[in-house]
Amino acid sequence: MTRAKPEDDEYWNSSKFKAFTFDDEDDEFSRLKESKRAVNSILVGDYDDDDDEDDVERVSWTGEPVGSISWSVKETASSIRSGSEQSFPKIDTTPSLSKQGSGYSLSSLFKARSKPGAFQSFSESFSDTSTRTYAPELRKPRSDGKDFVSDLSPEETVRRMQKGRAFSLEKFRSLQDKLLLLDEAVAVYDGNVITAVLIYLKRSLSKEILFRELMARDVALRHYVHYLKEMGEQKLLVELLKALGRTEDMALIQYKEHLNIKDEGRRRDFLKSCLSLPFSHDDATLVQDHYTLLERQIIIEASDKKAGADIFKKFPRKASILNMPIITTLYYSCFYHYGESEGTFSSPSNIRKTFRISEKQYILTALGARAKLKSWFDVDSLFNTKNWLGYTKKRSPIGFHRVVDILQKNSAPVQVLQEYVNLIDDPEIKLSVALKYKCHDIIINTYRDLKDRQQLTVYGEKLERGSVEHRKIQELLNSGQIRWKN
């Protein structure tokens with residue numbers, strides 16, 4: 001039920017709580033004094049209720065100890081209004097929870113007093129170690145918990161790395177912690193994680209310690225070697241292989257450095273210095289050949305630049321011979337220097353002998369070069385051999401069907417093609433090659449030798465009537481001296 005108007009006035013005038021007014025009274029300051037009275041009524045029943053400003057400054061109306069962060073914010077606002085009042089020094093504390101997160105009441109701050117009737121100031125209770133145990137325990141920030149990357153164990157760090165979450169390797173400072181981290185990365189068989197840890201170890205450990213520990217960890221060692229190769233850190237890789245006793249691998253890594261040298265003279269000198277490296281027997285031979293080839297190419301290049309022979313005018317060089325493979329060098333020699341004496345560096349026979357080129361490879365290379373120049377006499381000389389009676393006979397280590405293919409690609413005349421098609425021993429292969437390149441005389445003679453009248457008739461129908469080849473087929477079909485199989 002609602003009260004009458006006189007009763008309302010009596011209620012508000014007698015109550016220690018006041019209704020909302022639009023007066024300029026300092027609301028905050030009034031609440032502080034009211035809170036002080038409430039505290040005094042709890043602790044000491046007969047405590048004198050005065051309005052001393054020092055008493056007000058000992059407690060805030062929220063029940064928080066003087067000096068807490070939340071009280072200091074409000075106290076600042078109050079001290080601005082009461083400039084003549086004495087302010088309390090600020091105390092550095094850790095961040096506290098909001099007042100909603102605390103279950104402590106104002107009265108709980110005053111429990112366990114040694115003197116029940118006496119009153120202690122809030123500043124004294126705040127500094128008293130026995131009393132501070134009654135203050136609300138502050139929640140640790142999230143960064144102090146397990147989710148913070150600086151508190152993670154090696155297992156948890158590796159797990160976060162695998163999942164692509166934030167992580168930090170800087171907390172692993174001791175050698176033992178770093179090795180535990182590496183072993184954990186190897187245990188999960190994740191190459192990206194292993195490489196990331198190795199990069200950190202490379203940055204934070206000396207080379208000697210890192211190499212020593214990698215010797216006992218094959219998986220990590222292989223990843224580290226691959227990483228150094230991909231990053232092009234050849235110097236460090238050579239040091240690692242040398243420390244591991246892998247001298248042949250170290251020599252090969254050093255040898256590959258020649259690829260980064262552009263000047264031919266410096267590259268030749270570098271290759272010469274590589275001859276003393278501990279290569280295997282086969283690798284040492286190849287490095288020696290490489291050095292010899294480059295040295296010879298430099299001599300040939302310098303000579304041919306000044307050459308005024310007709311072949312250089314008719315077929316100008318399209319590229320330099322420097323740094324070309326041995327077969328390309330042989331082709332160049334067969335093209336521009338064919339027929340030179342064996343004593344010259346540019347002679348094909350000299351190159352063949354120096355670099356131990358097989359007969360088959362030499363024939364293929366020289367045939368391509370001389371057929372390109374349409375030098376059919378030189379082509380014949382490649383296959384001419386003499387027996388012990390002095391008779392000349394053509395012999396090919398690559399098979400005459402391959403010779404025909406090369407000649408046809410270089411637009412050899414029909415007569416030249418037919419000559420080499422006839423040298424094919426196998427009748428079926430000979431017929432197949434003749435049909436492919438339309439060597440009519442060889443096809444007709446092959447069908448005649450096979451006594452295959454039917455195939456000869458079919459082939460004659462494909463030829464132009466009245467041509468020389470067509471008339472030849474008709475004469476053979478009408479001949480009674482051949483005993484046909486069909």
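A charge sits over a ring if NZ of Lys or CZ of Arg is within 6 Å of the ring centre and within 35 degrees of the ring normal. The views below come from a predicted model.

**Figure 1. Two charged side chains sit over aromatic rings.** The charged end of K171 lies over the ring of F172. The distance from that charged end to the ring centre is 4.4 Å. R352 and Y362 give another example. Here the charged end of R352 sits over the ring of Y362, 4.7 Å from its centre.

**Figure 2. The whole chain, for orientation.** The chain holds 26 helices and two strands. It has 486 residues, and 34% of them count as buried. Take the contacts in the chain with a separation of 6 or more: 51% of them join residues 24 or more positions apart. The accessible surface of the chain is about 30900 Å². Carbon and sulfur atoms account for 51% of that surface.

Figure 3. Helix α14 covers residues 264-274. Its residues R267, L271 and C274 are buried. Seen down the helix axis, the buried residues fall within an arc of 55°, so they line one face of α14. What covers them? Among the elements over these buried residues are α13 (247-255) and α15 (281-306). The face of α14 turned away from the buried side carries R266 and K272, which are exposed.

**Figure 4. Y255 and F279 form an edge-to-face pair.** A pair of aromatic rings is described by the distance of the centres and the angle of the planes. The whole structure contains 10 aromatic pairs. In one of them, the ring centres of Y255 and F279 are 6.3 Å apart. Their planes meet at 90°, so this pair is edge-to-face.

**Figure 5. Y332 and Y336 pair within helix α17.** This aromatic pair is tilted. The ring centres of Y332 and Y336 are 4.9 Å apart, with 50° between the planes. Helix α17 spans residues 326-336. Y332 and Y336 are four residues apart in this helix, so about one helical turn separates them. Buried or exposed? Y332 and Y336 are both buried. They also belong to one aromatic cluster, together with F312, F315, Y331 and F335.

**Figure 6. T329 is a buried residue of helix α17.** T329 has its place in helix α17. Its relative accessibility is 2%, so T329 counts as buried. Which residues does T329 touch? Leaving out residues up to four places away in sequence, T329 touches L293, Q297, I321, M324 and I351.

**Figure 7. Two loop residues have a positive phi.** N323 lies in the loop between α16 (310-314) and α17. Its phi is positive, about 65°, although N323 is not a glycine. N323 is partly exposed, with a relative accessible area of 34%. R356 is found in the loop between α18 (348-354) and α19 (359-372). R356 is not a glycine either, yet its phi is positive, near 55°. At 52% relative accessibility, R356 counts as exposed.

**Figure 8. S467 reaches a backbone oxygen.** S467 sits in the loop between α25 (453-462) and α26 (468-478). S467 has a relative accessible area of 16% and is buried. The side chain of S467 reaches the backbone oxygen of E464. The distance is 2.7 Å.

Figure 9. E239 belongs to helix α12, residues 234-244. Its relative accessible area is 27%, so E239 is partly exposed. How far apart are the C-alpha atoms of E239 and K207? They are separated by 9.0 Å, and the two residues are 32 residues apart along the chain. Not counting residues up to four places away in sequence, E239 touches K207 and F211.

Methods. Residues are numbered from 1 along each chain as its sequence is written. This is a predicted model: local features need pLDDT of at least 70, side-chain atom pairs count only at pLDDT 80 or more; totals for chains, interfaces and linings use all residues. Side-chain values use heavy atoms; hydrogens and water are left out. Buried means under 20% relative accessible area, exposed over 50%, partly exposed in between (1.4 Å probe, protein chains only). The arc is that of the directions from the helix axis to the C-beta atoms. Contact means heavy atoms within 4.5 Å. Accessible areas come from the Shrake-Rupley method with a 1.4 Å probe; for residues, only the protein chains shown count as cover. Rings of Phe, Tyr and Trp (its six-membered ring) pair if their centres lie within 6.5 Å; planes under 30 degrees apart count as stacked, over 60 as edge-to-face and the rest as tilted. A polar contact is a pair of N or O atoms within 3.5 Å; within protein, one must be able to donate a hydrogen and the other to accept it, and residues adjacent in sequence count only if both atoms are side-chain atoms.
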